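Student: I'd like to learn how to read a model like this one. Can we go through it together?

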Amino acid sequence: MNFTGISRPGWTLILRMLFGPALALMFFDPLVAQPAPPKAEGSRLFAAVFIVRGSVSGNATGGYGLYVGAQNDTVWTRISRSSTLTFGLALFDNGRTRRYYMAAGNGVHRSTDGGKSWKILTSWRTEEILCVVPDPVDSSVIYVATPFGVFKTVDDGATWEKKMNGIPAWFIQRILMDPRDRRTLYAAAQTDVFRTTDAGEHWQAMGSGLEQVLALMQMPQDPGVMLAAGELKGIRRTTDGGKTWSAARGVDSAIIYTFRSSRDGNEVYAAGWKTGLLGSSDQGASWHQVWPAPGIDAIYSLFVYPDDPAHLLVGTVGDGIEESLDHGVTWRSAGLPGTQVKQIELYP
Amino acid sequence: MKRIVFPFVVSACVAALPIFHAGGSGPAGTAGSTATREEYLGGYEQRAAYISSYYDTSMAGGYYSAAARYAHGKDLRTADSMFAAALKEPRGDMFWMFPCIGAYLNGKDRMSPETKAVVRNAWKTYAPYRGDTENHWAMYYSTLFLAAEQWPDLPGSEWYNGKSSDENRTDAKEYLIHWMEIATTIGQGEFDSPDYFAEYAISMSLLADFASDPGMKQRGTMMLDYLLADFADEQLDGQYLGGFSRIYQPAVFKPLLSPASAYAWLYFGTGEPSQSGWVLLPALGKYRLPQIIGDIATDRSHAYVERERKRVRNVIRFGNEKNPPVYKYTYVTKDYGLGSLQGGLLQPIQQHTWGLRYTYGRPYTTIFGLHPYWSSEELGMFFPEEIKPLIADVVASKSTYNNPDKWTGGSPFERTFQNRNTIIVLYDIRPGTSTEHIDGFFPRNLEERIIDPSGWILCKAGDTYCGWYPLEGGEWTEEHDTPGQVKNAIGRPEDIARSGETGNWRFRSTNLQNGEVVEVRSRAEIGSFGKFCAGLRARRPRAVLKPGAVSVDYTTLAGDRMRFAFPDTRVLNGKTIDLTTTPLFDGPFLHAAVGSRKLSITYGKRKLDLDFTKLTITE
């Protein structure tokens, strides 16, 4: 199924899902053994389409899944098999091996051939994958967030083990890997933000003051600065690696689904339920509305071009992708009409 | 004498049966109170043939027309053509899987090699989605298991999901065993659904008929026995008796519209003839209902209470327990059934908490009430998406969800207390919630609907009488079916002619602290309608209706003293009712303890035991 979008200048693009796994940050951080951030040229834009408005499992009006767009192309092409409720995606790329992952309602999908073929790595015991985070060094290690907890495989998906020691409520929206240490991960959970420093064996609550946590981000150039947000309580921020948290200004009770920043961290964006696009130029300490997003109820995903921080993409809930070339002053449709776009990434 | 039957369906015993009744133009039910097993089977074969006769000759195409032709060995090239044409553009995910594999398994020894190749290719190139509910998973894994058996030893590159035949077979088998285990220990999650019964029955029927693995064949057979037994003792005149986990409009007020009623007709001979596609594959199959279950379905010579324990669908947010218990209570007579769940949010969207159904006056054979509630929090309990957008997502496919006039759905502000044929329903509704009213459904074809000065609403539906005492006043509205209600939301067209457009009646009360006391009797139980009315006029519920303190004291027509305080204090004749002791099944016919993985089915001196710990069926 194809969607007609508009022509985009310049580069080929890849979209990635809301609150993406740490890989995006790793692109920006020299401390982690990751390849250099992809140049837009030669890369593709990947969009994780959760669902198309009005569709339902078993219905013939699907068309959701993982989509790829190319430079100066008005058509998005689905590369996942048939319709798959897609919550997100991730990339493993160590320079020798490149693997794409989809976090989907029916499991973790993996492609080792650029999206030509896919294999579901999980069994019936590990479904409703909300977020997938591959280890950046060891391709056999993958973490996933699910409504039933954090699961981890150390054998490339052959077996999965629940890793919830220390987290009391089982719904986990998001996992974030610290770009400084791949054994340190953060989980967006129902009662708080949780941190593990031993690769998921034990978790400790971070005292963020949040419940129903949905979004997490570390500043790309200063990972000790972390933002967290969820239902109802605005954005909470720590500048000391989680020892202390305070409320960000200007977003008192906003419901935030996603964060994204420019590569240098000077521009930070957030969005969620009826928030429009929010921006911050002080690493998330204070926020202002960049764009009211008229007619758009919610925004699930954001993307900032690494080589052009003025170039923004917004994945909406039901209205596809919106695009701005001028720091969010003016906007136009970038395709996938009628879709809910959970993550946007640029991948090689 | 104990007889172990493995891995085949238990052979039938000959027994006396009560009279079946069937209407319409199809063959009548043949099993009566004096029917033999042979007579029952003769009637069954006629009904099965009637169902498939449409598909035997239909030129409409599709999987079912192909399946029927394959099964009956006629017009095979047409079947090949239909099957191949349907597979040009597979769609429907797990709803594609079962008709596809059903047609294939009925015809694999008769279809052309080219058609076989087309089918095989479909399982390589079309990727059906697993879905997100229990019925989806039953369909998905049962048919995936069968497909993996049909094409063993293939690598992952030959399957839509990249898994090998062995991986798919193992995954599907493990899930199905898990589902059967949890269903037989703490109950089904998507339980007693008139609209989704078919999805489970088809899945188990296919396993029973076609699984090569003897253990899975036996499991399919036993689980189909289990599902049909569960239905049989809460079935009246083809209707499932509520409450239910899930039901759509308009079947909630036209009960025979539900696919489960097609199963009642096929297996029990009750209700109305149907040629629904939802029952075709079982009608083509080799499974035959154990006689004892048919007897239970049709013997209404004595009234009885059935108590059952089910479970809430997986709770992923806002809860401390993944699958809290559901307590179902049903009172069954030959004229009516009154049933209820304890109330609260037990299933998203389509819960039917309580209702009366009776044999008089098709198609509107029910009276019930509800608090029409919706919220993103309710959906967030069960669905993994971000919470706020969920309502719009759900309404896209279930348009009545946020309609203040809807007739389905549970509410956190509703609780019930049922004692035989009396039910008290209480509401303590939080101000500002989705709706600040409660509604009662009264069908258009009641013989009597008296708004009595005593405060009672006195209704007569043939030999069934219903008295409804609203604890607060309200207004009546006459309503017609809306166009959206003419077709069942799962796509089944309304096939029972609509009666005159005189309108059904809605009783709406807008007090937040509210409720009703409902007494039901039949002519056989109390005599004349006048006597019933006189009895009710002589009694009044005593209610306290304050926020946080809602309660009722009421003495029933039978003299039972009921005290009910919202939410969960239930006292009968001075004794506190503890719902937590409710067994998995507890009634005159079905008996199962929580955690047992066993179901004992009794009827008179006969007994049939389903033991999932040993995979045995024992008579």
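Student: What should I know before starting?

Tutor: This is a predicted model, where local features need pLDDT of at least 70, side-chain atom pairs count only at pLDDT 80 or more, and totals for chains, interfaces and linings use all residues. Residues are numbered from 1 along each chain as its sequence is written, while chains are lettered from A and ligands numbered from 1 in the order in which they are written.

Student: What average pLDDT does chain B have?

Tutor: pLDDT is the predictor's confidence in each residue, from 0 to 100. Chain B averages 91, and 91% of its residues score at least 70. Over residues 1–24 of chain B, though, pLDDT is below 50, and the model gives that stretch 71 contacts beyond near neighbours in sequence. Two residues are in contact if their C-beta atoms, placed from the backbone, lie within 7 Å. Residues 29–33 of chain B also stay under 50, with 29 contacts beyond four places in sequence. As for the model scores, ipTM is 0.89 and pTM is 0.91.

Student: How many helices and strands does chain A have?

Tutor: Helices (H or I, at least four residues) and strands (E, at least two) are DSSP runs, numbered from the N terminus. Chain A has one helix and 29 strands. Of its 348 residues, 61% count as buried, where buried is 20 or more other C-beta atoms within 10 Å of a residue's own, exposed is 12 or fewer, and partly exposed is in between, with C-beta atoms placed from the backbone.

Student: And which domains does chain B have?

Tutor: Bounds come from an automatic or database domain assignment. For chain B that gives domain 1 (4–298) and domain 2 (304–583). Their C-alpha centres lie 31 Å apart, and 31 residues of domain 1 touch 43 residues of domain 2.

Student: How do I describe a helix pair?

Tutor: Two packed helices are described by the angle between their axes and the distance between the axes. In chain B, the axes of H8 (residues 197–210) and H10 (residues 259–268) come within 7 Å and cross at roughly 50°. Axes are lines fitted to C-alpha atoms, for helices over the stretch in contact, and angles run from 0 to 180 degrees between N-to-C directions. H8(B) and H10(B) are therefore oblique; under 35 degrees is roughly parallel, over 145 roughly antiparallel, 65 to 115 roughly perpendicular and the rest oblique. By class, their contact has six nonpolar, no polar and no charged residues.

Student: Where is Asp75(B) found?

Tutor: Asp75(B) sits in the loop between helix H2 (63–72) and helix H3 (76–86) of chain B. Its phi is positive, about 55°, although Asp75(B) is not a glycine.

How values were computed: Ala, Val, Leu, Ile, Met, Phe, Trp, Tyr, Cys and Pro count as nonpolar, Asp, Glu, Lys and Arg as charged, and the others, Gly among them, as polar.
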